[in-house]
Structure formats: C-alpha cells, structure tokens
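Have the sequence and the coordinates open as you read.

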Amino acid sequence: MSPLEPDPEPGPEQGPDALPAVAPQLRSLRRRAALTLEAASRAAGLSPAHLSRLETGQRQPSLPMLLALARVYGTTVSELLGETVAERDAVVRAADMEPTRAGGWTYWQAGASGRGMQALRVHVPYGSQGDIVRVHPGEEWLHVLRGRLRLRLGDTAHLLGPGDSAHFDSLTPHRLAAQDPDGVELLFVHTLLQSPTAALCLGPTPGEMP
C-alpha cells in the first residue's frame, strides 16, 4: 500500500461530494506531461491501479493526492480541478470562489493560477485527516479564521485559535486537525515547488495527536 492510499482496496465512491471534472483532467495532464500511468503513480506515491481509478472517476482524490499530482504534472490544483480563474489576475472575487470538496476538506481557491504560491481558504471538519503526516518541499503559512486548530510540527504539538498563524518549512513532518466538533477554517498559503519525488504524505501514525 502506498503512502497516499489509506485504504487497501478502495471501491467506487461517487456521491454529492464527487469531483467528476477531475478524472478527464488527470488523464489529460498526465499525457501532457508525457508520463505513463506507472511513472506518474510512482512519482505521486500511488499505485497504478489507484491512479487509474482516479482517472476514470471511480475514486475521489483527497487534497493531499491532488497536491502530489499537481507537483508531478508541473501544474496547480486549480488546473487539476479544471478551474478557469483568469491567469495572472491579481484580484479574486468572493463570488468566483467556488467550494471544492476533497478528502473531507472544503476549500476555496483564494489566489490566481500560474503563480509560485497557492492560496486557499480551507474548512477542516472535525475528525478529518488528523492522523495523516505530510512531508513535502516548500513552505506553508496558515492563519486560523474560525475554530481551533491542532497543529503538530515534528514532535511539538500546538493549539491555535482565531487570529493565530504558523509559518514553517514543509519538510518538517506536520499534521493538521480540528480541535472542536464545528471544525476549523483557515487561510492557507504554500509554495508550489515542483518535486516529483516528494513524499507529500507519510500516512497515519499510531496514536492520537495530543
């Protein structure tokens, strides 16, 4: 089982939160990058069978998977999702921020495509992906808008409330989870360093985050 695949034998997972536009985009961008299914899946930390299910719409990608595939294909999550934010547009209007759901998270593109950083507004529900350890090149900055965030950086646990921020090297193993049942809402900015061999996600680790 590869790092980005939490379940050993995933099945179809269509529903109101499915992302039908992602499947053809994933296949198109992989071909544009001149990568075989095997090469792309290996670089993203997925099995060929799992990537094939993503490309045929039988499986919904999580946000960590989208981030990993964006780096492999040399693009952004917004392009993977087929979003049409005007390139190099300096202003993103609230009315144009369509919500997207992936891996239990809801996020809104808060910056233009084609940039060296990606800005998102993210809602992390309680109990979602809190056991996933992320490791990848670049930097991350987050700011808590509402609720409380449990953030573990390496061996240190932090509890952040509204108005608190964190800025850290993404190669530091990190985990994010909502402290309260209502979840937590964040502003999130990360650099888009293209690194096909990056281990974005190391998977669940034993025990709960303090």
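The buried residues of helix H3 pack against helix H1 (22-32), helix H2 (37-44) and helix H4 (63-73). Helices here are DSSP runs of H or I with at least four residues, strands are E runs of at least two, and numbering goes from the N terminus. H3 itself covers residues 48-55, and its buried members are His50, Leu51, Arg53, Leu54 and Glu55; buried means under 20% relative accessible area, with a 1.4 Å probe and protein chains only. After H3 comes Gly57, with a positive phi near 75°.

A quick word on provenance: this is a predicted model, where local features need pLDDT of at least 70, side-chain atom pairs count only at pLDDT 80 or more, and totals for chains, interfaces and linings use all residues. Residues are numbered from 1 along each chain as its sequence is written, and side-chain values use heavy atoms, leaving out hydrogens and water.

Now for the core. The largest nonpolar core has 39 residues, and Leu69, Tyr107 and Leu149 touch the most other members. Such a core is a set of buried Ala, Val, Leu, Ile, Met, Phe, Trp, Tyr and Cys residues joined through side-chain atoms within 4.5 Å. Leaving aside residues up to four places away in sequence, Tyr107 touches residues including Leu63, Leu66, Glu98, Pro99 and Arg121.

Zooming out, the protein has 5 helices and 11 strands, and 49% of its 210 residues are buried. Of the contacts (heavy atoms within 4.5 Å) between residues at least 6 apart in sequence, 71% join residues at least 24 apart.

Methods: Buried < 20%, exposed > 50% of the residue type's maximum accessible area, 1.4 Å probe, protein only.
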